[in-house]
Amino acid sequence: MEDMREACKIGDVTNYFTPLSRDPLGSGSFGTVFKAKVLPAAYRDLPAFMPGGIAEHVDVVAIKTIDLGKFYCQYKWKYHNIIRHFMTEINALRKLHSPWTMDYYGCIYSEDTLELYIIMEFIDGFPLAWRIHPKRHMRLAVKNDILYKLALGIQYMHSKGIIHLDLKPANIMLGIGDAYVKIIDYGFSCVMDQMKCNNKNGTPHYMDPKNTTYTTNEEIKNMDWWAFGQIAWATYTGGEVNKSGAVGHVVTFKKVDRGVLEKAGVNTIIIDILEALIDPDNSYLERPSPDSIVAAFEQAVAADPPDA
């Protein structure tokens, strides 16, 4: 627990924030996220909110609430591993500050209630998973722009030594009017200079089929790019990954059908990129480089701007 006490403010979260709704923004097995208003004490006591801090002018935040007491009671034998999990998420978030990643404002640990609160940027929007539903129309130019920004976000994360390891449409938030793209949920992420990354992390439908062949952190970065390729396919074709079948947690992927993408209006350069990127038989050495992926989507956006 020493790392958490060093990283987080010790105290009562209600001194600094007040919930704006009883309904959570989201919840999962590790915690629940609420929208909250920033109180005056935060601008006085919390570094991120003080003058010159990253959240100096922020008045609404998202707070991930984690009941560590519950984890201790239920999983006492692996409690220290659970703490390391949350500290990895915090250490990843604190390295990132960009237009494509969620800003981190700090954490608070309550020794009285054994609760951890991770304070993050509130994103007023909706997940890509909702936006790409076949019943919701989205112009090709907007799809290209979203994917271009996502590719920039992945490239940025990797430049900061962070591998996300759970990229999927549900973990990509879009601003109202598709104004911006933000990568969220760093619960499975890896800080490359602090640990050996886990090549088995992720969601099966977006899991790189070559994951078990990766032995170094540099190789494991390819898992994020495979997930990007499947997100791109799902975005262009109506919400599903390019699979031939799934049984339980085992997903069988198939080669790209160029005709499907051509019918969706996708340009030839991007089709070439996706054909090589998410070919389940290709090793990572046969896949396109991150720079070539970004360049292909940059070119598509320049040729057909989303706001034209």
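Which element gives the largest share of the lining of the largest pocket? That share, 3 residues, comes from H4. Here is a tour of the pockets, salt bridges and cores.

## Ground rules

What you have above is a predicted model, where local features need pLDDT of at least 70 and side-chain atom pairs count only at pLDDT 80 or more, while totals for chains, interfaces and linings use all residues. Residues are numbered from 1 along each chain as its sequence is written, and side-chain values use heavy atoms, with hydrogens and water left out.

## The pockets

Let's start with the open spaces. Rolling a probe the size of a water molecule over the atoms shows where empty space is left. Here a pocket is an open set of points, on a 1 Å grid over the protein atoms alone, with protein on both sides within 12 Å along at least five of seven lines; a residue lines it if it has an atom within 4 Å of a point. Grid points are joined across faces, edges and corners, and a volume is the space filled by probe spheres set on the points.

The largest pocket has a volume of about 770 Å³. It is lined by 30 residues, and closest to its centre are Gly26, Val33, Asn171, Ile184 and Asp185. Strand S3 (26-27), strand S5 (60-67), helix H4 (79-93) and strand S7 (115-121) are the elements that give two or more residues to this lining. By class, the lining splits into 14 nonpolar, 9 polar and 7 charged residues (Ala, Val, Leu, Ile, Met, Phe, Trp, Tyr, Cys and Pro count as nonpolar, Asp, Glu, Lys and Arg as charged, and the others, Gly among them, as polar).

The second largest pocket holds about 250 Å³ of space. Of its 13 lining residues, His85, Ser189, Met195, Asn198 and Asn201 lie nearest the centre. H4 turns up here too, giving the largest share of the lining with 3 residues. This lining has 5 nonpolar, 6 polar and 2 charged residues.

## A closed cavity

A cavity is a set of grid points where a 1.4 Å probe fits but cannot get out. The count comes to 1 cavity of 30 Å³ or more, and the largest cavity has a volume of about 60 Å³. Its lining includes Leu165, Asn201, Tyr206, Asp208 and Met223. By class, the lining has 6 nonpolar, 3 polar and 2 charged residues.

## Salt bridges

Side chains of opposite charge can pair when their charged atoms come close. With a salt bridge taken as a side-chain nitrogen of Lys or Arg within 4 Å of a carboxyl oxygen of Asp or Glu, the model has 14 salt bridges. One of them joins Lys64 and Glu89, at 3.1 Å from N to O. That pair links distant parts of the chain, with Lys64 in strand S5 and Glu89 in helix H4, 25 residues apart. Buried means under 20% relative accessible area, exposed over 50%, and partly exposed in between (1.4 Å probe, protein chains only). Lys64 is buried at 10%, and Glu89 is buried at 2%.

Asp208, already met in the cavity lining, forms a salt bridge with Arg287, their closest N and O atoms being 2.8 Å apart. The two sit 79 residues apart, Asp208 in the loop between strand S12 (190-191) and helix H7 (217-220) and Arg287 in the loop between helix H10 (268-277) and helix H11 (290-303). Both Asp208 and Arg287 are buried. Elsewhere, Lys255, Asp279 and Asp281 are linked in a network of salt bridges. Lys255 is partly exposed at 46%, whereas Asp279 is buried at 10%.

## The cores

In soluble globular proteins, nonpolar side chains tend to be buried together. A nonpolar core is a set of buried Ala, Val, Leu, Ile, Met, Phe, Trp, Tyr and Cys residues joined through side-chain atoms within 4.5 Å. The largest has 75 residues, and those with the most contacts inside it are Leu68, Leu116, Phe228 and Tyr236. Helix H6 (residues 140-159) gives the most to this core, with 10 residues. Apart from it lies another core of 18 residues, among them Val13, Phe17, Ala55 and Ile119.

Technical notes
Helix = DSSP H or I, 4+ residues; strand = E, 2+ residues; numbered from the N terminus.
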